[in-house]
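Here is a short briefing on the fold shown below. It covers the sheet first, then the helices.

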Amino acid sequence: MTKRVLMTGGAGFLGSHLCDRLIAAGHEVVCLDNYFTGSKRNVEHLLDHRRFELIRHDVTQPILLEVDWIFNLACPASPVHYQFNPIKTVKTSVLGTLNMLGLAKRVKARILQASTSEVYGDPEVHPQPESYWGKVNPIGLRSCYDEGKRIAETLCMDYNRANGVDTRIVRIFNTYGPRMALRDGRVVSNFVVQALTGQPLTVYGDGAQTRSFCYCDDLVDGILRLMVYEGPERHEPHNIGNPGEFTMAELADVVRELIDRDLPVRHEPLPSDDPRQRRPDIERATRNLGWTPSIPLREGLAKTIEDFRRRIEAGEGR
Ligand code: NAD
Ligand code: UDP
Ligand code: UDP
């Protein structure tokens with residue numbers, strides 16, 4: 001059945017991939033973005049499509065639309081960008097999610113909230129299952145994002161319990177791939193841009209901290225499965241991420257191996273509250289959604305490098 005879909009943050013990295021998949025599946029997509037970290041370029045190829053519409057709007061402001069499904073992705077995701085204006089980041093997660101839940105309530109739409117592994121903070125349980133409540137600093141530099149996303153989850157659960165809104169919550173672990181902004185500031189895009197332009201790779205701290213990297217196509221597949229999942233745990237958070245865990249030093253080595261083995265590494269200070277380890281327990285997603293990631297890091301990185309190389313050669317970012 002064709003759905004009318006609202007994609008907030010749809011001109012961003014993950015939102016634009018979701019728009020592509022939904023258009024290909026025959027749905028109508030209204031893409032909403034304020035272009036803070038996203039770009040029209042990411043959805044340019046969809047602009048002439050009769051089932052696609054693009055609106056410049058900020059989710060912190062109310063909006064009236066008639067839709068069946070809402071994917072609420074609007075929020076800067078890179079520490080560099082979410083710390084640029086931390087109060088705005090809090091408003092985006094809190095007021096933005098409130099507005100989308102109010103909209104969902106009014107039109108009886110199903111809504112999926114893009115949450116994050118950051119709700120686990122600097123975790124003492126490893127890997128992280130959804131039942132773990134996390135160890136989050138409420139007053140640090142990352143709090144605007146971490147706590148904003150935690151309250152967004154609270155809002156979803158309360159709109160579900162109090163108003164019967166049909167909510168879904170996905171806890172996304174570090175995801176990378178084509179269309180990440182060249183100046184995004186997250187580790188994969190930094191390393192790939194640095195390696196392609198012959199600069200040293202900037203490893204923060206000693207590089208022993210770990211992350212688990214999921215390729216965007218796997219992530220999008222998991223999110224779409226969660227949106228149509230009707231089982232008893234449908235309103236509970238679901239981790240979606242790739243359990244393959246790497247230190248940042250290992251990631252730098254893989255990028256050098258794929259682009260230029262001779263590139264040096266430059267160590268820079270570790271940002272405050274940088275989580276030491278991160279790996280999803282995906283048992284719930286596997287059991288409920290039949291989902292497991294299929295694209296290993298080297299394969300996903302090769303696709304990402306190809307896309308970044310093409311964009312850099314075309315002059316993007318100059
Ligand atoms: P992104 O920065 O590419 O996309 C975010 C989009 O939201 C951008 O297009 C931006 O312009 C838009 N936006 C920001 N504030 C807005 C506002 N107030 N109103 C309207 N639009 C606004 O990042 P992404 O990686 O595509 O992340 C998408 C979502 O997934 C975010 O909610 C992020 O928190 C979540 N997430 C991503 C990852 C990841 O590793 N990529 C991990 C965890 C969670
Ligand atoms: N909202 C919106 N679009 C709608 C319905 C609601 O943007 O179609 C906003 C509304 O402006 C409010 C928020 O969503 O700020 C929460 O709405 P709700 O009806 O739950 O709460 P109330 O308006 O009663 O505070
Ligand atoms: N990082 C790094 N070099 C960079 C950017 C990030 O070593 O150029 C590290 C960062 O300190 C963190 C990890 O890579 O330990 C992942 O950082 P990112 O900003 O990508 O995501 P997050 O910390 O939000 O998971």
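Predicted model: local features only at pLDDT ≥ 70, side-chain atom pairs only at ≥ 80, totals over all residues.

- Seven strands form an open sheet in the order β3-β2-β1-β4-β5-β6-β11, with parallel pairing. (Strands are DSSP runs of E, at least two residues; helices are runs of H or I, at least four. Strands pair if DSSP finds at least two bridges between them.)
- β3 (52-56) and β11 (237-240) stand at the edges, so each has a single partner strand and one side without a neighbour in the sheet.
- Neighbouring strands are turned by 20° against each other on average, direction ignored.
- β5 (residues 110-116) pairs with β6 (residues 166-172) over seven bridges, in the parallel sense.
- In this pair, A114 stands opposite V170 of β6.

**Helices on the sheet**
- α3 (residues 86-107) lies across β1, β4, β5 and β6.
- α3 runs at about 175° to β4. (Angles run from 0 to 180 degrees between N-to-C directions, with axes fitted to C-alpha atoms, for helices over the stretch in contact; contact means heavy atoms within 4.5 Å.)

**The helix pair**
- The axes of α3 and α4 (residues 143-163) come within 9 Å and cross at roughly 15°.
- Residues in the contact include V90, V94 and L98 of α3, and I151, A152 and L155 of α4.

Technical notes: Residues numbered from 1 in each chain as written. Chains lettered and ligands numbered in written order. Heavy atoms only, no water.
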